[in-house]
Amino acid sequence: MPSKNKLRRILSSAWLQTLCRLALGAIFIYASLDKIAHPREFAAIIANYAILPDFLVTLPALVLPWLELFAGLCLVSGVWARSAALWLSLLLLLFILALGINALRGISMSCGCFSTSAADTESAYVLILRDLLILIPGLIIVFFGREREDTNQVL
Amino acid sequence: MLLGKKHLWQMAAMAAASLALGLAVNFFSAAPLPLLRPLERSQGAAPVVFGEVDADFIEQMGGAPGSLLLDARAAAAYRAGHIAGALSLPLGEFAARFPELAPRLRRVKLLFVYCSGPSCNDARDLAGRLWGQGLKSILVYTGGMEDWTGRGHAVEK
């Protein structure tokens, strides 16, 4: 089908891939900084999600922001981009799941998405929608991104 | 192949680097977080500790004149069912909703707040916000909706 090939060509085009990499990378680098600076507040936010048992909230609070930062830097620099995009897509799915669980339970908590401020409280459905939007560039990179090594082989 | 072993290695490397750096930064920080231990309750919780009541108390006092029940859950959860007579004041919409409710809340002698169940903090946080607005005599129904429906009490829609 020619239209399908055309779509694939657009999705795997260099400019769209670069755009997705830079956008997704920048979002997560920005999101990681405040959480790296305030691990204690971030741990309290994770505890408020009331999903993990209390003794397990500090570990993700310490590690997740760094993973967001590393993966974001990988995306922006183009090194290990697809692996980084897959990590961030998995994280986004995890966030969507956590928000969804609490939306169904009727718990409204501060999100801990971009800051550790308690004022970062929005409707869980809006947040889920936002995460789904951010997931799009991630999936475009995972499924249609080309590796630097592959292009080398072609040349 | 979409993703190979190489990608799994790269992802593992990113995770390992995050784990190592996260733990190292915490280890050398001025106030390290306890690993595998719960945070002290004061962390992120309301500064004031409120009295707690159970379902029997709510049943006897909830509808009494001068008392008022407040539902701290999201508006959609309130619409799906709440304790009879309760007003909705979602924690997430506190700043927007409080002003219109304030005159009524200030006339009340005893306020009960609740959220979805024993594991949610919204009721306590809402009590803290109300306290911050100068309201007194606030009690938290810790069991919340989960306890209320579990005991077979009536739910209003």
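This is a predicted model: local features need pLDDT of at least 70, side-chain atom pairs count only at pLDDT 80 or more; totals for chains, interfaces and linings use all residues.
Start where the chains meet. On one side, 40 residues of chain B are in contact; on the other, 35 residues of chain A. Together they bury about 3,300 Å². Carbon and sulfur atoms give 67% of that area. Three residues of chain B stand out: B:M11, B:M14 and B:L33 lose the most area to chain A.

The rule finds zero salt bridges between chain B and chain A. Polar contacts do occur, with a count of seven residue pairs, both partners at pLDDT 80 or more. Which helix of chain B gives the most to the side that touches chain A? Helix α1 of chain B, residues 5-28, does, with 15 residues. By residue class, the side of chain B that touches chain A holds 24 nonpolar, 11 polar and five charged residues.

Next, turn to the largest pocket. The volume of this pocket is about 540 Å³. Its lining counts 27 residues. Closest to the centre are A:Y49, A:L64, A:L94, A:F95 and A:A98. Five elements of chain A give two or more residues each to the lining. They are α2 (14-37), α3 (39-48), α4 (58-77), α5 (81-105) and α6 (124-144). Among these, α5 of chain A gives the most, with seven residues. The lining of the largest pocket divides into 22 nonpolar residues, one polar and four charged.

How many cavities of 30 Å³ or more does a search of the whole structure find? It finds one. The largest cavity holds about 40 Å³ of space. Its lining is made of B:C115, B:G117, B:C120, B:A123, B:R124, B:V140, B:Y141 and B:T142. Two elements of chain B, α5 (122-132) and β6 (138-141), each supply at least two of the lining residues. By class, the lining of this cavity has five nonpolar residues, two polar and one charged.

The interface buries about 3,300 Å² between chain B and chain A. The largest pocket draws on helices of chain A, with α5 giving the most to its lining. The largest cavity is lined by residues of chain B, B:R124 among them.

Notes:
Residues are numbered from 1 along each chain as its sequence is written. Chains are lettered from A and ligands numbered from 1 in the order in which they are written. Side-chain values use heavy atoms; hydrogens and water are left out. On a 1 Å grid over the protein atoms alone, a cavity is a set of points where a 1.4 Å probe fits but cannot get out, and a pocket is an open set with protein on both sides within 12 Å along at least five of seven lines; lining residues have an atom within 4 Å of a point. Grid points are joined across faces, edges and corners, and a volume is the space filled by probe spheres set on the points. Helices (H or I, at least four residues) and strands (E, at least two) are DSSP runs, numbered from the N terminus. Ala, Val, Leu, Ile, Met, Phe, Trp, Tyr, Cys and Pro count as nonpolar, Asp, Glu, Lys and Arg as charged, and the others, Gly among them, as polar. Contact means heavy atoms within 4.5 Å. Buried area is the accessible area (1.4 Å probe) that two parts lose on being put together, summed over both. A salt bridge is a side-chain nitrogen of Lys or Arg within 4 Å of a carboxyl oxygen of Asp or Glu. A polar contact is a pair of N or O atoms within 3.5 Å; within protein, one must be able to donate a hydrogen and the other to accept it, and residues adjacent in sequence count only if both atoms are side-chain atoms.
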